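Have a look at the model first.

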Amino acid sequence: SADFMAAAGCVARMGTGYDTPEAAVEAAAATGARAVVLCSTDETYPAIVPAFCSLMKQRVPEVVIILAGLPQEHVEAFTHAGVHEFIHVRSDVVGTLGRILARMGVTA
């Protein structure tokens, strides 16, 4: 995900892994980043994503939330929870990064 975002000139600040969505939100909010990429496994996302999105939107409402992966059976629910974009091996890199940058308020 760091390399994906780097293609748009974004510099990733890598987390160290967190035991709870609350800890992940605290760390993400502390960076002041305008976008965060949630990286875990498809198996753990259902337990993590809704809580992370809810807490993140309360803490930093304007942040762009990106999910690494494309768990097809959960895309609609995760989008409803607050995920703005999904990045994965089949992503339209240019289109996805364009939407992310636009949400971040970055203009050419």
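Angles under 35 degrees count as roughly parallel, over 145 as roughly antiparallel, 65 to 115 as roughly perpendicular, and anything else as oblique. This is a predicted model, where local features need pLDDT of at least 70, side-chain atom pairs count only at pLDDT 80 or more, and totals for chains, interfaces and linings use all residues. Residues are numbered from 1 along each chain as its sequence is written, and side-chain values use heavy atoms, leaving out hydrogens and water.

**Helix pair**
- H2 (residues 21-31) and H3 (residues 45-59) cross at roughly 40°, their axes coming within 9 Å.
- H2 and H3 are therefore oblique to each other.
- On the H2 side, Pro21, Glu22, Ala24, Val25, Glu26, Ala28 and Ala29 make contact (heavy atoms within 4.5 Å).
- Their partners in H3 are Ile48, Ala51, Phe52, Leu55, Met56 and Arg59.
- Sorted by class, that H2 and H3 contact has 10 nonpolar, no polar and 3 charged residues.

**Largest pocket**
- The largest pocket holds about 970 Å³ of space.

Notes: Axes fitted to C-alpha atoms, helices over the stretch in contact; angles between N-to-C directions. Helix = DSSP H or I, 4+ residues; strand = E, 2+ residues; numbered from the N terminus. Nonpolar A, V, L, I, M, F, W, Y, C, P; charged D, E, K, R; others polar. 1 Å grid on protein atoms, 1.4 Å probe; cavity = no way out; pocket = protein on both sides within 12 Å on 5 of 7 lines; lining within 4 Å. Points joined across faces, edges and corners; volume = space filled by probe spheres on them.
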